[in-house]
Amino acid sequence: MIIYDRLWETMKTKGISQYRLIKYYGFSAGQIGRLKKNSYVSTHTLDVLCTILNCPIEDIIEFRLDTTITPKLGINPSVATTPPDKPIDKTE
């Protein structure tokens with residue numbers, strides 16, 4: 001799951017308000033709403049935010065494993081969260 005909590009912290013640090021994003025940078029209120037709900041936004045939107053805030057993507061988004069959805073996707077959560085014991089040999 002992608003979480004945008006870091007965006008709000010970065011905006012506060014940089015002195016950029018939601019109003020300013022809408023008024024001066026042309027963001028839609030709907031786009032802000034999707035970010036608040038941790039919903040889908042395009043990579044273009046993330047690129048624009050990084051440019052406006054002059055920050056790396058890690059200052060805007062965070063990935064957290066959602067163990068409630070992995071079974072629905074056919075992924076065993078223990079496999080998804082545990083790295084392999086050794087690197088995968090792609091030459092075999």
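Mentor: We'll talk about the core, one of the helices and the cysteines.

Trainee: What should I know before we start?
Mentor: This is a predicted model, where local features need pLDDT of at least 70 and side-chain atom pairs count only at pLDDT 80 or more, while totals for chains, interfaces and linings use all residues. Residues are numbered from 1 along each chain as its sequence is written, and side-chain values use heavy atoms, with hydrogens and water left out.

Trainee: How many residues are in the largest nonpolar core?
Mentor: It has 16 residues, and those with the most contacts inside it are Y4, L7, L21, L49, L53 and I60. A nonpolar core here is a set of buried Ala, Val, Leu, Ile, Met, Phe, Trp, Tyr and Cys residues joined through side-chain atoms within 4.5 Å. Buried means under 20% relative accessible area, exposed over 50%, and partly exposed in between, using a 1.4 Å probe and protein chains only.

Trainee: Which elements give two or more residues to this core?
Mentor: Those are α1 (5-14), α3 (29-36) and α4 (43-53). The largest share, 5 residues, comes from α4. Helices (H or I, at least four residues) and strands (E, at least two) are DSSP runs, numbered from the N terminus.

Trainee: What is L49 in contact with?
Mentor: Leaving aside neighbours within four places in sequence, L49 is in contact with L7, L21, F27, L35 and I60. Contact means heavy atoms within 4.5 Å.

Trainee: And T45, is that buried or exposed?
Mentor: T45 is buried, because its relative accessibility is 6%. This residue sits in helix α4 and touches F27 and Q31, not counting residues up to four places away in sequence.

Trainee: Which residues of α3 are buried?
Mentor: Q31, I32 and L35 are. Down the axis of α3, its buried residues fall within an arc of 100°, so they line one face of the helix. That arc is taken from the directions from the helix axis to the C-beta atoms. The face turned away from the buried side carries the exposed residues A29 and K36.

Trainee: What covers the buried residues of α3?
Mentor: The cover includes α1, α2 (18-25) and α4.

Trainee: New topic: how many disulfides are there?
Mentor: A search of the whole structure finds 0 disulfides, a disulfide being a pair of cysteine sulfur atoms within 2.5 Å.
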